[in-house]
Amino acid sequence: QKIDPAAPAVGVSAWNKAGTWEEKDMTDWMTPRVSTALAGTEVGFDGGMAEMVAVKDVEGSASIAQVRGKRRHIFDLSFNVEVRLTMFGAGDAAPRTIGGAKLVFTDVAGDNNGEHETQLETAAGTSVADRRSLEQWVAHTGQGLRPALIAKLDGLIAEYRAL
């Protein structure tokens with residue numbers, strides 16, 4: 001069968017002139033960029049600093065689909081952000097570091113309207129006081145490290161949707 005050499009519409013193959021569905025896997029583009037986008041995130045506050053140490057275990061998928069002439073940016077990711085909280089001592093007291101914690105992003109998806117689900121996980125043996133500090137300065141939805149990470153993540157998502 002002869003294929004018409006006329007250029008198809010943008011995002012539509014010669015074999016799919018109706019433009020019903022075409023999809024391009026973008027997982028290899030998206031997954032390494034999660035680490036890059038979040039790198040160096042830190043937030044200072046009165047009495048300390050919360051910082052991102054590393055992004056680990058990025059899983060999921062991303063694709064761009066052309067559906068009936070409309071472009072759709074589909075993604076569903078999960079990953080862990082290892083974090084460190086440094087509490088500055090009063091006076092001459094040495095700073096104290098709380099490590100061994102991670103903020104787990106369980107659902108970063110194109111259909112969640114920016115409401116990225118997270119959970120704070122701490123190391124066994126973390127004291128109640130340290131867990132409260134981590135909840136306040138790392139996992140809180142309105143202050144600390146989580147909103148800063150989400151702002152950078154939303155920037156990556158905007159970049160992806162511009163492709």
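Two strands are taken as paired if DSSP finds at least two bridges between them, and the close-up views below apply that criterion to a predicted model.

**View 1. Strands β4 and β5 pair in the antiparallel sense.**

**View 2. The hairpin of β3 and β4 has 2 residues between its strands.** Strand β3 (residues 48–67) and strand β4 (residues 70–87) run antiparallel and are joined by 17 bridges. Gly48 finds its bridge partner, Met87, in β4. In this hairpin, Arg68 adopts a positive phi near 50°.

**View 3. Strand β6 is paired with β5.** The pairing of β5 with β6, which comprises residues 117–121, is antiparallel and extends over 5 bridges. Within this pairing, Asp107 is the residue that stands opposite Glu117 in β6.

**View 4. The largest nonpolar core has 36 residues.** The residues with the most contacts inside this core are Leu38, Phe79, Val81 and Phe105. At least two core residues are supplied by each of α1 (27–38), β2 (42–45), β3, β4, β5, α2 (128–139) and α3 (145–161). When its neighbours within four places in sequence are left aside, Leu38 is in contact with Met52, Val55, Phe79, Val81, Leu149, Lys152 and Leu153. In soluble globular proteins, nonpolar side chains tend to be buried together.

**View 5. Helix α3 consists of 17 residues.** From its first C-alpha to its last, the helix reaches 24 Å, which is close to the 24 Å expected at 1.5 Å a residue. Its buried residues are Leu145, Arg146, Leu149, Ile150, Leu153, Leu156, Ile157 and Tyr160. Because these residues cover an arc of only 120° around the axis, they lie on the same side of α3.

View 6. Where pLDDT is low, the predicted coordinates should not be read in detail. For the protein, the mean pLDDT is 87, with 86% of its residues reaching 70 or more.

Key
Residues numbered from 1 in each chain as written. Predicted model: local features only at pLDDT ≥ 70, side-chain atom pairs only at ≥ 80, totals over all residues. Heavy atoms only, no water. Helix = DSSP H or I, 4+ residues; strand = E, 2+ residues; numbered from the N terminus. Core = buried A, V, L, I, M, F, W, Y, C linked by side-chain atoms within 4.5 Å. Buried < 20%, exposed > 50% of the residue type's maximum accessible area, 1.4 Å probe, protein only. Contact = heavy atoms within 4.5 Å. pLDDT = per-residue confidence, 0-100. Expected span 1.5 Å × (residues − 1). Arc of directions from axis to C-beta.
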